[in-house]
4 protein chains.
Amino acid sequence: MFAVAEKLCGVFAPVPTPFNSDGSLDESGWRKNLRLWSASPLDGIVIAGSNGELPFLSLDERARLTEIAREEAGGRLHIMTGAHFPSTADTKAAARRLAEAGADSLLLLPPHYYKGKDEMLAAYFTDVADSSPLPVFLYNMPANTGVDISVGVICAAARHENVRGIKDTSGDMTKLGYTALRTPERFSVFGGTGNWFLAALSMGACGGTMAVSILFPRSCRMLYEAFMGGRMEEAVALQKRLLPVSDAITRRFGIPGLKAALEARGMTGGPCRRPLLPISEADKAELLGIINASGLDEYEQWRSR
Amino acid sequence: MFAVAEKLCGVFAPVPTPFNSDGSLDESGWRKNLRLWSASPLDGIVIAGSNGELPFLSLDERARLTEIAREEAGGRLHIMTGAHFPSTADTKAAARRLAEAGADSLLLLPPHYYKGKDEMLAAYFTDVADSSPLPVFLYNMPANTGVDISVGVICAAARHENVRGIKDTSGDMTKLGYTALRTPERFSVFGGTGNWFLAALSMGACGGTMAVSILFPRSCRMLYEAFMGGRMEEAVALQKRLLPVSDAITRRFGIPGLKAALEARGMTGGPCRRPLLPISEADKAELLGIINASGLDEYEQWRSR
Amino acid sequence: MFAVAEKLCGVFAPVPTPFNSDGSLDESGWRKNLRLWSASPLDGIVIAGSNGELPFLSLDERARLTEIAREEAGGRLHIMTGAHFPSTADTKAAARRLAEAGADSLLLLPPHYYKGKDEMLAAYFTDVADSSPLPVFLYNMPANTGVDISVGVICAAARHENVRGIKDTSGDMTKLGYTALRTPERFSVFGGTGNWFLAALSMGACGGTMAVSILFPRSCRMLYEAFMGGRMEEAVALQKRLLPVSDAITRRFGIPGLKAALEARGMTGGPCRRPLLPISEADKAELLGIINASGLDEYEQWRSR
Amino acid sequence: MFAVAEKLCGVFAPVPTPFNSDGSLDESGWRKNLRLWSASPLDGIVIAGSNGELPFLSLDERARLTEIAREEAGGRLHIMTGAHFPSTADTKAAARRLAEAGADSLLLLPPHYYKGKDEMLAAYFTDVADSSPLPVFLYNMPANTGVDISVGVICAAARHENVRGIKDTSGDMTKLGYTALRTPERFSVFGGTGNWFLAALSMGACGGTMAVSILFPRSCRMLYEAFMGGRMEEAVALQKRLLPVSDAITRRFGIPGLKAALEARGMTGGPCRRPLLPISEADKAELLGIINASGLDEYEQWRSR
């Protein structure tokens, strides 16, 4: 599944970064979570993605998180690490460093502070892919970046043999459909949230990178397999159960909510770095109520191993 | 399928209004198209929707189109007619008139020139549903109206027994999923474009109202049935073929493109009312090229009956 | 000031339409307001604009409002009436009818349900201007229409000798500046709200059409004259006092708020047509508090004549 | 003008960072530009703002640029340096370091990758202001950040005695007006672009931070003084001449255009860091044509000193 020569498919978890109360990396908490995810049916993890608080992580920290993941889960889980920095030169340096640290592939946001033309985005992706020792995944995240990568740029980048896929959180099904239609067979199209994983698969995606799979990987894999097996009633029913949970730990309550949910299920959550604020007790109660109501915990016995 | 007491499902075509060159209704062209659609596997038609140039149609014209549709296709196709006017009083009057003209149900845009709060939208829908002799379908069309009906308003309106469903073109799969999850079983959730019909079904929709079914109803029904039958490979493949055609006759080339495509397939198209401008020859050639490349005509033998 | 051959300048009030409780036009209330405005320092009024509930007014009603305005205020106030209907043909017919009814000029929204290209907008404006017996004012109102008329379309339309100006509510000062820079001298650029009347003048506008002038025309004229006379401290101070009042009767509390404020100052307000909902008592109290706090009533003695 | 105890007013230039062809800081080019700006009528400069390519600058680089500015222009020009980093902890560390390097004040973007609630923004500004040795200026830049700081947050932050003003590029005159109205007298409201400097002043701003003043500081000061002196005809005429130049070196051609324009006027421009791409020759010719046509060079004799 995770050899770089093969096409990536399945369910990837964009995992959070655990911090100690002084803001430093909580390495033992990180190891604990990694061992648990290794026992789950996840296909891979994404380190230093949006849920990993990537804008707050130095390159040293991203490399350290990757090294530990390699130690704890290498060979079992595909390890994709966020390599984006605002300048092309810094991103290139990050790609080399993260390869040394043991990542299997890299996740790459587009440049976004300056809203450049398609030409600038395509050049950035190609520049990095040219020099990167590892395959590159594009990351379309317009809600955070304000940049919605066009189908034209995606297709231009996909022609580069070192660009191997995209995580698209835009929710634009027309874009997702065109992307699946117009990129090479080796290019992996991943939906970017569990809110509509089944919709993404129906438009031609071959997997998903979604926060809900951090806690509910088996539920996500069951949906994936039901879809692959043509058991649509089961797939639709699972999607309906996943939606409120997925939505709650992403758009509604953010990373503080996600971390609180991890704590509530015996995994390591911990505080976020400021400026992110802690979740209120009222919000936490509502969030846990939504999770409990979903009944999905019944499928997730790996957590108690 | 179309008795008002039953839940609406399947494939509905939001059909265009044919005009003569002087701008008057082309009644014989309308009859011709209706007879053809009656021979197709369509479940219903929507008169005076966005593709029907609703803002340009008087109530007299909408009633006349409905009467003729009743004559030509009544009992064979469900007939839904657009009843929205900017004021509540005018919309109520339209509901009564269109019921007399023989519509089976009514399509209802939200108020949109003034961007009101949820309270105003819910009151409008309830006011009309209260007095309407026919069941009402909500119509969420933010690209044209600038108003994206919230899940809260949809659910509030859905509690009214005379509100029977929604056509949602927003493309927001989270919204579509919540709508399917939180409305009563009798409430029909329809996707609003063929660009992502399969995605809508996978989120819990029970049908679609989509421009591409005006010309390719059987292709759309085949997708619908493949989904219902769990033949996902077939369904995904059909969705991939429908996407570029659906996109071309809606977002890319608009109603003038749709009408040109109808003409090219032996049906009645004709001019649009101004301010809509005719399609250029270059755009028309591109559009027909996309349709030809889809190969979907092979499924649509009903057109030559 | 209001002869069609002259350039329009100064302060125009986009007046509300008074309705009786059964929804019919309140003609005596309308006459009363017109007589009051005639005694104020207003340069003109706009009938059937956004504050006039234009989407809810038939052509008959717009013509009747115009006839009465001609009787009560003709020759004293410039009378501009909203002529927009969704189709070009209906708008042309409206232009002829409103000319007969005694309007001095016409206000013209762009086509907006279908989001057309610049070409469509320019053709619409030119088509109407070609056949209109009266000079035409463009009306850029993106918050309501979802269409922001480009500088290119404005300049193209401004080359038509029957297109005489624009009311721009976009608040885009760059656009306003380019419009003033690139249109002929005879073309009137009007800011569209009292929130930033002075800013519009500083970018090259020669007047404003603003809701706040319905109640505070003299305050608006004082600002205008202070600007023309280079008394910037006075102008800035007036702008600061106008801002909260202007904002409250437009964006914050809408037409129901505006009408409540008119009632509170002895003029005719009355109900809005549904779907617009009445203002709550709490909102009304807040609104009147803002108006009282502005202290602007001291300049508006014309109301008690 | 630049003592921290005084209110900042006037014209500030958000200056670009010169790089050598290998991407390193061009310190001699930087010194040359600083000496020129010191001879101009500028009131201050902003280092590591958007035009300074702040997302690409390390803290070391921002400190070095500040040290050199202190050497070359300290006491003559107010020196404001961009202190924003994504995490609160990094921003606090930057504030201390930039104070040591000799800045007079700090510019502070809001957190923006995660679109937090008002509470998060207010906490970030207050946290930094609490620990910063230097006064802080807020920086509202929604076109780049996707975050439009609300009036509520601005007013909350302005109550902190170490928060001394805002540079607002939103172009929202209602917001600018409310900001001027509701913040303490000691709080400086600056417009953020030369496109509408005069409009900002008319809404209550006391200065501007604008790219066009990098090349045309005297033209900007003349406008400012004309406004202060009530010479509105002169002010409006200057604004009309500044608009196309300001727009060209910001929105239209970006930082590569700004640097090309500097080169064309004998100052140091140089390359941008990637991913920003060089300006094309055609765009450069158009840009210089716009600058030449403005005729503003006649006022800017300081450049040749």
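Which residue is the bridge partner of Leu107(C) in S5(C)? The partner is Phe137(C).

## Basis of the model

This is a predicted model, in which local features need pLDDT of at least 70 and side-chain atom pairs count only at pLDDT 80 or more, while totals for chains, interfaces and linings use all residues. Residues are numbered from 1 along each chain as its sequence is written, chains are lettered from A and ligands numbered from 1 in the order in which they are written, and side-chain values use heavy atoms, with hydrogens and water left out.

## The barrel of chain C

In chain C, eight strands form a closed barrel in the order S1-S2-S3-S4-S5-S6-S7-S8, with parallel pairing. From one strand to the next the twist averages 25°. Strands here are DSSP runs of E with at least two residues, helices are runs of H or I with at least four, and both are numbered from the N terminus. Two strands pair if DSSP finds at least two bridges between them.

Strands S4 (residues 105–108) and S5 (residues 136–140) of chain C run parallel and are joined by three bridges. Helix H2 (residues 59–73) of chain C lies across strands S2 (44–47) and S3 (78–82), at about 175° to S3(C). Such angles run from 0 to 180 degrees between N-to-C directions, on axes fitted to C-alpha atoms, for helices over the stretch in contact.

## Chain A against chain D

Contact (heavy atoms within 4.5 Å) involves 29 residues of chain A and 29 residues of chain D. The buried area, meaning the accessible area (1.4 Å probe) that two parts lose on being put together, summed over both, is about 2,500 Å² here, with carbon and sulfur atoms giving 62%. Tyr113(A), Tyr114(A) and Pro275(A) supply 31% of the area that chain A buries against chain D, more than any other three residues.

Two salt bridges (a side-chain nitrogen of Lys or Arg within 4 Å of a carboxyl oxygen of Asp or Glu) are counted between chain A and chain D. Asp127(D) forms a salt bridge with Arg274(A), with the closest N and O atoms 2.3 Å apart. Helices H4 (118–131) and H5 (142–145) of chain A each supply at least two residues of the side that touches chain D. H4(A) gives the most to that side, with five residues.

## Chain D against chain C

Here 25 residues of chain D are in contact with 25 residues of chain C. The two chains bury about 2,200 Å² between them, 68% of it on carbon and sulfur atoms. Zero salt bridges are found across this interface.
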